[in-house]
Structures are given as C-alpha cells and as structure tokens.
Amino acid sequence: MGGSRDEVASALARGGPGAGDAGERVRRFTEWTMVDGDLVCRYVWHNLPDPTGGATRYTVPGTEIVRRLGDGDRFETVGEFRNGDDTDAMIARWHAAGGPAAGHDGAELRGIVGWAPEPMPVPTPREEIERAFGDFAVRLTSASAGGEWAPVAAVFTDEVRVRDHVIGFVEGRHALSAYIRDGVRRSPFTRYPIRLRIIDGNRVSTVVRAEGPVGGLDVNVVLHYAGEGRWSYVEVVYNPQEIGRPPA
C-alpha cells in the first residue's frame, strides 16, 4: 500500500475525501502532502475570493489525515483539523463584504506566504527521527502523569517557532515554555496519548488525543526535525468548538 507522494495526490484529486470544494464557493489549495505507508496528511488552505475583487484574504488553514485503502482511489478519513471559530468568522466577514463576486471564483488563491517555515532541507535518516519522536512521546506521557513539563520544552531548539491555530504564533523556547505552562493550566484535559504518527522527510505529523473528565479532543501536531534530537517548529491544529463535547 501507500505509493509515491505524486501517486497519492493524484488519487486524492480523483475522488478521495475532501477532493472537491468544502462548500459552493470555497476553493482549496493543498500546500504540502505527507505520505507514510497507507497514511496521508495534507495541509489545506480553504479560500474564499474577495467579493470586491481586491486582495483581502478570506482564508483558513487546516490539516486532513486519511488512510489509503489498497492501491486504488479509495480512502477513509482519519481526521480533519481546522479552527471552526475562525471558519465561521471568515464566512461572516465574507458575507458582510458582499458575498460572491461575479466572474471571480478564487481558483488562483494559495496560502499565506511566511505562515510556516520549510523543514530542514538536509535529509535525516528515518531511524534518527523515529528515535527523537519516541523521546518526545515519552516526555509527553511523563509530563501528563507527573505535571513537570520542562522536559518537553527541552527537546525544542532555542529559536523554535510555534503556531497554534487558536492561540496564535510565538517564537523561542522561553515563549514555548510559557505557551505549554499556560495551556496546561487552562486545559480541561489531563492525558495526551499519541494515536498515530506520520514521518515524511524531516516533517512529522502526529495525532494526540487530549482526554479529560469532560471528554476528548483529537489534536494534529506537526513537527519539524532540526537534528540532534531536537525540533525547530511545532504547529498545533484543532477545533476549539469540539472542546467540552461529551465522548462520542
């Protein structure tokens, strides 16, 4: 199963989950695709055209993870991750600006330049990345159980960049430590087991299941490996509208 990145992307375009528009007017731009065996992760921008014909951006990024079934064009959705509050706000702003624009469907729209850095271009042996991710996973489990989160922050570089799709962007390990500390204090969750991970080059996509008395929430965490067991970028993608929902 699996296949090359181009083969999988072509199969998804022919009819996999989410291959069409996310709505009558929304146009989708896939910035990158990861393939690891039968698992696929895509970074997708959901764009609406400026009703005035100008350059105002109406866009929300998100990720999708699917599993390829066999070697054909059949896929099953593992998870879709996008900030629902931002999506609702984007659509409301778009309607307030006039809604559909005649003759302009937004097919040319892409992502936001500089939104995220590229992974380190020098290839790293997969075994090294697997060891580093295993260390990260152990630290995450230990921190959840013992409440000491400094060891998690320690596996990131001093210049680490952090993008949370709800909270925003911070830079530097000191800011990362504060982000973790404040997030844990506000969070209704107490356990963060890892459901799966996808490795493609120096990028890792993992689904973390945040669990607590109020229910659970799947979170997609994207990591860039920087060498020597450390990570230079982390992006956290989830829907805040799912927090507090009872277990399915």
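Colleague: Which residues does Pro100 touch, not counting residues up to four places away in sequence?

Modeller: Pro100 touches Arg25 and Trp94, once residues up to four places away in sequence are set aside; touching is contact, meaning heavy atoms within 4.5 Å. Please bear in mind that this is a predicted model, in which local features need pLDDT of at least 70 and side-chain atom pairs count only at pLDDT 80 or more, while totals for chains, interfaces and linings use all residues. Residues are numbered from 1 along each chain as its sequence is written, and side-chain values use heavy atoms, with hydrogens and water left out.

Colleague: Why does Pro100 count as partly exposed?

Modeller: Its relative accessibility is 44%, and buried means under 20% relative accessible area, exposed over 50% and partly exposed in between, with a 1.4 Å probe and protein chains only; Pro100 therefore counts as partly exposed. Pro100 is found in the loop between helix 2 and helix 3, and its C-alpha atom is separated by 7.6 Å from that of Pro49, 51 residues apart along the chain.

Colleague: How many helices and strands does the protein have?

Modeller: The protein has five helices and ten strands, where helices (H or I, at least four residues) and strands (E, at least two) are DSSP runs, numbered from the N terminus.

Colleague: Which residues of helix 3 are buried, and what puts them on the same side?

Modeller: In helix 3, Ile129, Ala132, Phe133, Phe136, Ala137, Leu140 and Ala143 are buried. They cover an arc of only 140 degrees around the axis, which puts them on the same side of helix 3; the arc is that of the directions from the helix axis to the C-beta atoms. An α-helix has 3.6 residues a turn, so residues three or four places apart point the same way. On the other side of helix 3, Arg131, Val138, Ala145 and Gly146 are exposed, whereas the cover over the buried residues includes helix 4 (150-153), strand 5, strand 7 (194-200), strand 8, strand 9 and strand 10.

Colleague: What makes Phe136 and Phe156 an edge-to-face pair?

Modeller: Rings of Phe, Tyr and Trp (its six-membered ring) pair if their centres lie within 6.5 Å, and planes under 30 degrees apart count as stacked, over 60 as edge-to-face and the rest as tilted. Phe136 and Phe156 are 6.2 Å centre to centre with 90 degrees between the planes, and this makes the pair edge-to-face. Phe136 lies in helix 3 (residues 126-146) and Phe156 in strand 5 (residues 156-164), so the pair ties together parts that are 20 residues apart in sequence. Phe136 is buried at a relative accessible area of 7%, and Phe156 is buried at 3%.

Colleague: Which residues do ring pairs link into a cluster?

Modeller: Trp32, Tyr43, Trp45 and Trp115 are linked in this way. Arg163 lies over the face of Trp115, at 3.7 Å from the ring centre, and Arg203 over the face of Trp32, at 4.1 Å; the rule asks that NZ of Lys or CZ of Arg be within 6 Å of the ring centre and within 35 degrees of the ring normal.

Colleague: Why is strand 9 described as largely enclosed by the rest of the structure?

Modeller: Twelve of the 13 residues of strand 9 (residues 215-227) are buried, so the description follows from the count.

Colleague: How do you know that strand 8 and strand 9 pair?

Modeller: Two strands pair if DSSP finds at least two bridges between them, and strand 8 (residues 203-212) and strand 9 have ten, in the antiparallel sense. Val207 stands opposite Asn220 in strand 9. Strand 9 also pairs in the antiparallel sense with strand 10 (residues 230-237), over seven bridges, and the partner of His224 in strand 10 is Tyr233.
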